There are 2 protein chains.
Amino acid sequence: MIILLDMDGPLADFEGGFLERWRQKHPELPYIQKHERNTFDVKEQYPEENVKFVREIYTSHGFIENLPVIPGSIDFIRDVIELGHEVFICSTPTSTYDPNVIEKYRWVEKNLGKDFINRLILTRDKTLIRGDILIDDNLEIKGKLSPVWKHIVFNAPYNKNVGEQFRIKEDWSNWKEILLK
Amino acid sequence: MIILLDMDGPLADFEGGFLERWRQKHPELPYIQKHERNTFDVKEQYPEENVKFVREIYTSHGFIENLPVIPGSIDFIRDVIELGHEVFICSTPTSTYDPNVIEKYRWVEKNLGKDFINRLILTRDKTLIRGDILIDDNLEIKGKLSPVWKHIVFNAPYNKNVGEQFRIKEDWSNWKEILLK
């Protein structure tokens, strides 16, 4: 099996990292707790006058690079590779690509080792990538082609009440039931 | 048709850019003229004691970003899109990814416009990318899968005497004959 793995969400804790920085940097402004998040794009849930500050955080130097690892994700990768499957990280850079793209490579090197950058694919259209499965927290993955992979949803507060796909829990505890059944 | 386009070679003049910087920076050292190049990887054709200087040049800040455009390539992209085909740039970052990856995005933005970064795919394994055709100067494109694209070779001195595939000339003058026949 070739497993494509989205980065922000299943692997790197974008939501947690964002909330921590937001509260540090803007303690006087309202914030949205993790379980209350209901849009895929975090900035859509903040009041318009604060959107520029939201964007400022996730485009700032060091933000992507220092995102915490989602517990269970590294073990999942190690285990599934040991079972003989292939894993590639399939990530969409933000349109403000500087420093986003370089920090994605740094994050992978830091958390998965230098060799794993051979398994990082950056693309704004995931339908062009071949694989058996794509694990992604985004419910709406659109592109030029009809995908060849099966979409497995990585659970998040903002995708809980939509769709009937199989879901991997936020702590990766059920991946064997979902992927190896 | 989905056309995948390698970046260094068909689009960005890596060879020309390298040679110019090499002669500027090391006027006392031997150099290899464009028509004499016979290895895909430029550093393999330089004497061992100079390999570190070769690598220094193509990993230096500003090198990738400022590579000249291959004449005819931008017109090819414009024309083929106008005919209704899709073009994606499919590029392999160097393992020393900093500043390589960020400068690839900058190069695309500068020479093809901001929107074209939606059509840039970075991958160390091109066999995972879907497309009808891959135009690439590298004769040996290996990866985890058997490719779905047909490989069209972009001519270069180091790939002239190998293989029987169809070839696009260095000035792109024959692309219609090759791709639309």
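Chain B superposes on chain A by a rotation of 180° with 0.0 Å of shift along its axis, at an RMSD of 0.0 Å. The superposition is by least squares on the C-alpha atoms of residues with pLDDT of at least 70 in both copies. The two copies are thus related as by a two-fold rotation axis.

Some housekeeping. This is a predicted model, in which local features need pLDDT of at least 70 and side-chain atom pairs count only at pLDDT 80 or more, while totals for chains, interfaces and linings use all residues. Residues are numbered from 1 along each chain as its sequence is written, and chains are lettered from A and ligands numbered from 1 in the order in which they are written.

Now the contact between the chains. Chain B gives 20 residues and chain A gives 20 residues, where contact means that two C-beta atoms, placed from the backbone, lie within 7 Å. On the chain B side, strand S2, helix H4 (100–112) and strand S3 (120–122) each supply at least two residues. Helices (H or I, at least four residues) and strands (E, at least two) are DSSP runs, numbered from the N terminus. H4(B) has the largest share of that side, with three residues. By type, the chain B side has 12 nonpolar, three polar and five charged residues. Here Ala, Val, Leu, Ile, Met, Phe, Trp, Tyr, Cys and Pro count as nonpolar, Asp, Glu, Lys and Arg as charged, and the others, Gly among them, as polar. Of the interface residues of chain B, 100% are also interface residues in chain A, so the copies meet through the same surface.

Next, helix H3 of chain B, residues 73–82. Which of its residues are buried? They are B:Ser73, B:Phe76 and B:Ile77. Buried means 20 or more other C-beta atoms within 10 Å of the residue's own, exposed means 12 or fewer, and partly exposed is in between, with C-beta atoms placed from the backbone. Seen down the axis of H3(B), the buried residues fall within an arc of 100°, so they line one face of the helix. The arc is taken from the directions from the helix axis to the C-beta atoms. On the other side of H3(B), B:Asp75, B:Arg78 and B:Glu82 are exposed. The cover over the buried residues includes strand S2 (86–91) and helix H5 (175–179) of chain B.

Last, H1(A). Its buried residues are A:Phe14, A:Glu15, A:Phe18 and A:Trp22, and they pack against helix H2 (51–58) of chain A.
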